[in-house]
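Please look over the sequence and the model before reading on.

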Amino acid sequence: MTFTYTPELLAYMKQKNCSTILVELIELNNTDLEIMELSVRLADERTRARFVNQKQYRVVPTDAGEVLLPKFPLDYSDTISFGLRKILFFRQITCKGISVPKPI
């Protein structure tokens with residue numbers, strides 16, 4: 001598994017003084033509907049410690065820092081790309097190469 005970062009994301013990570021990307025599985029389970037999505041964000045030291053120690057997330061070192069991946073089965077490509085998208089005043093980290101498996 002190879003991780004790549006866009007220059008905009010690297011600059012943003014340096015500005016925020018954060019080198020950990022958290023890939024979190026968000027699950028909404030209603031009686032009629034079940035939705036699972038990925039949330040990708042930067043994690044500070046306190047959040048990192050909680051996800052590694054309590055939630056048993058995997059720590060994968062990369063060239064620009066580290067990525068925390070959940071223990072749930074996800075579909076991974078050979079190359080995973082992280083980027084930064086700006087919408088008005090908000091910034092969002094994008095991810096290509098990780099997806100939630102399709103339900104049976």
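## Model and layout

The model is predicted. The protein contains 2 helices and 7 strands.

## Overall dimensions

Taken along the principal axes, the box filled by the C-alpha atoms is roughly 45 × 35 × 30 Å. The radius of gyration is 14 Å, which agrees with the value near 13 Å that a compact globule of 104 residues would have.

Among contacts with a separation of 6 or more, 50% join residues 24 or more positions apart.

## Surface and charge

The protein exposes about 7,400 Å², and 51% of this area is supplied by carbon and sulfur atoms. Buried residues account for 32% of the 104 residues.

There are 14 positive and 12 negative side chains in the protein. The centres of these two sets are 7 Å apart.

## The nonpolar cores

The largest nonpolar core has 20 residues, and the members that touch the most others are Y5, I21, V67 and F82. At least two residues of this core come from each of strand 1 (2–5), helix 1 (7–16), strand 2 (20–29), strand 3 (34–42), strand 5 (65–69), strand 6 (75–87) and strand 7 (90–99). Another core, of 6 residues, lies apart from it; its members include A43, F51, V52 and L68.

What does Y5 touch, leaving aside its neighbours within four places in sequence? Y5 is in contact with L10, M13, I21, T62, A64, E66, V67 and F82.

V67 belongs to strand 5. Its relative accessibility is 0%, so V67 counts as buried, the limit being under 20%. Not counting residues up to four places away in sequence, V67 touches F3, Y5, I21, V23, R58, V59, V60, T62 and F82. The C-alpha atoms of V67 and R48 are 9.9 Å apart in space, while the two residues are 19 apart in sequence.

## A partly exposed strand residue

Q92 sits in strand 7. Q92 is partly exposed because its relative accessible area is 36%, a value between the limits of 20% and 50%.

Beyond residues up to four places away in sequence, Q92 touches G83, L84, R85 and I87. Q92 and L42 are 50 residues apart in sequence, and their C-alpha atoms are 9.8 Å apart in space.

## Positive phi in two loops

Which loop holds Q56? Q56 is in the loop between helix 2 (45–53) and strand 4 (58–62). Q56 is not a glycine, yet has a positive phi of about 60°. With 47% relative accessibility, Q56 counts as partly exposed.

L88 is in the loop between strand 6 and strand 7. L88 also has a positive phi, of about 55°, although it is not a glycine. Is L88 buried or exposed? L88 counts as exposed because its relative accessibility is 69%, and the limit for exposed is over 50%.

Methods:
Residues numbered from 1 in each chain as written. Predicted model: local features only at pLDDT ≥ 70, side-chain atom pairs only at ≥ 80, totals over all residues. Heavy atoms only, no water. Helix = DSSP H or I, 4+ residues; strand = E, 2+ residues; numbered from the N terminus. Rg over C-alpha atoms; globule rule 2.2 N^0.38 Å. Buried < 20%, exposed > 50% of the residue type's maximum accessible area, 1.4 Å probe, protein only. Contact = heavy atoms within 4.5 Å. Areas by Shrake-Rupley, 256 points an atom, 1.4 Å probe, with all protein chains shown as cover. Lys, Arg positive; Asp, Glu negative; His and termini not counted. Charge placed at Lys NZ, Arg CZ, Asp CG, Glu CD. Core = buried A, V, L, I, M, F, W, Y, C linked by side-chain atoms within 4.5 Å.
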